[in-house]
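Hi there,

Here is the structure I promised to send over. My notes on what I found follow below it.

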Amino acid sequence: MTVTETAPATQPVLPAGEHTAPGAERDQAAEASPLIEDELLVEEISIDGMCGVY
Amino acid sequence: MGCAASTEPGFDPARPYELHPDVALRPEPFGALAYHYGNRRLTFLRSPELVQLVTELGDHESVAASMAALGVATERRPALERALASLAKSEVVRPRSDGAVRAG
């Protein structure tokens, strides 16, 4: 059985404070937040070769 | 493993689509399972919003009109369009050639 992801998985977002000055954390988080909305909505599985009743 | 980061070529949200007649949808807590009796592909639809959209595509003149009728937020539409594009590629949904709205 093979599993094929046909839509992008959730995008991991780096901690806002990493590689940034403390004062820039809030702005970085605000800019990054739309990126985490791209979630896995569709996942396809090929069941060729499986035995059973369907 | 394919990448559906962009909309599949040929998928046009301005066109009318419908659930493929060879596909059975089974409601699940996460959304639905779609089984295609022709190509024997099993597809997980992992969003109730996407399931509702897929089931109601045939009631509207276009994908965009379906989203508008369901009140899909503007920022959610690109992700749903990418999902529908991959569903069209898998023949879970198909374009309606006549453009007619489903009766009933």
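Helices (H or I, at least four residues) and strands (E, at least two) are DSSP runs, numbered from the N terminus.

Please keep in mind that this is a predicted model, where local features need pLDDT of at least 70 and side-chain atom pairs count only at pLDDT 80 or more, while totals for chains, interfaces and linings use all residues. Residues are numbered from 1 along each chain as its sequence is written, chains are lettered from A and ligands numbered from 1 in the order in which they are written, and side-chain values use heavy atoms, with hydrogens and water left out.

Now to the helices of chain B.

H2(B) and H3(B) pack at about 130 degrees with their axes 12 Å apart, and are therefore oblique to each other. On the H2(B) side, B:Val63, B:Ala64, B:Met67 and B:Ala68 meet B:Arg77, B:Leu80, B:Glu81 and B:Leu84 of H3(B); contact here means heavy atoms within 4.5 Å. These residues divide into six nonpolar, no polar and two charged (Ala, Val, Leu, Ile, Met, Phe, Trp, Tyr, Cys and Pro count as nonpolar, Asp, Glu, Lys and Arg as charged, and the others, Gly among them, as polar).

H1(B) and H3(B) have axes that come within 11 Å and cross at roughly 60 degrees, which makes H1(B) oblique to H3(B). H1(B) supplies B:Glu49, B:Leu50, B:Leu53 and B:Val54 to this contact, and H3(B) supplies B:Leu80, B:Ala83, B:Leu84 and B:Leu87. By class, that is seven nonpolar, no polar and one charged.

For H1(B) and H2(B), the axes come within 10 Å and cross at roughly 125 degrees, and H1(B) passes H2(B) in a right-handed crossing. B:Gln52, B:Leu53 and B:Glu56 of H1(B) meet B:Ser66, B:Met67 and B:Leu70 of H2(B).

Which residues of H2(B) are buried? In this helix (residues 63-70), B:Val63, B:Ser66 and B:Met67 are, where buried means under 20% relative accessible area, exposed over 50% and partly exposed in between (1.4 Å probe, protein chains only). Seen down the axis of H2(B), the buried residues fall within an arc of 95 degrees, so they line one face of the helix; the arc is that of the directions from the helix axis to the C-beta atoms. Their cover includes strand E1 (17-19), helix H1 (48-56) and helix H3 (77-89) of chain B.

Finally, some backbone notes. Most residues other than glycine have a negative phi. B:Arg40, in the loop between strands E3 (31-36) and E4 (41-45) of chain B, has a positive phi near 60 degrees and is partly exposed at 37% relative accessibility. B:Glu91, in the loop between H3 and strand E5 (93-95) of chain B, has a positive phi near 65 degrees.

Best wishes

Definitions and conventions:
Axes are lines fitted to C-alpha atoms, for helices over the stretch in contact, and angles run from 0 to 180 degrees between N-to-C directions. Angles under 35 degrees count as roughly parallel, over 145 as roughly antiparallel, 65 to 115 as roughly perpendicular and the rest as oblique. A crossing is left-handed if the near helix is turned anticlockwise from the far one by less than a right angle, and right-handed if clockwise.
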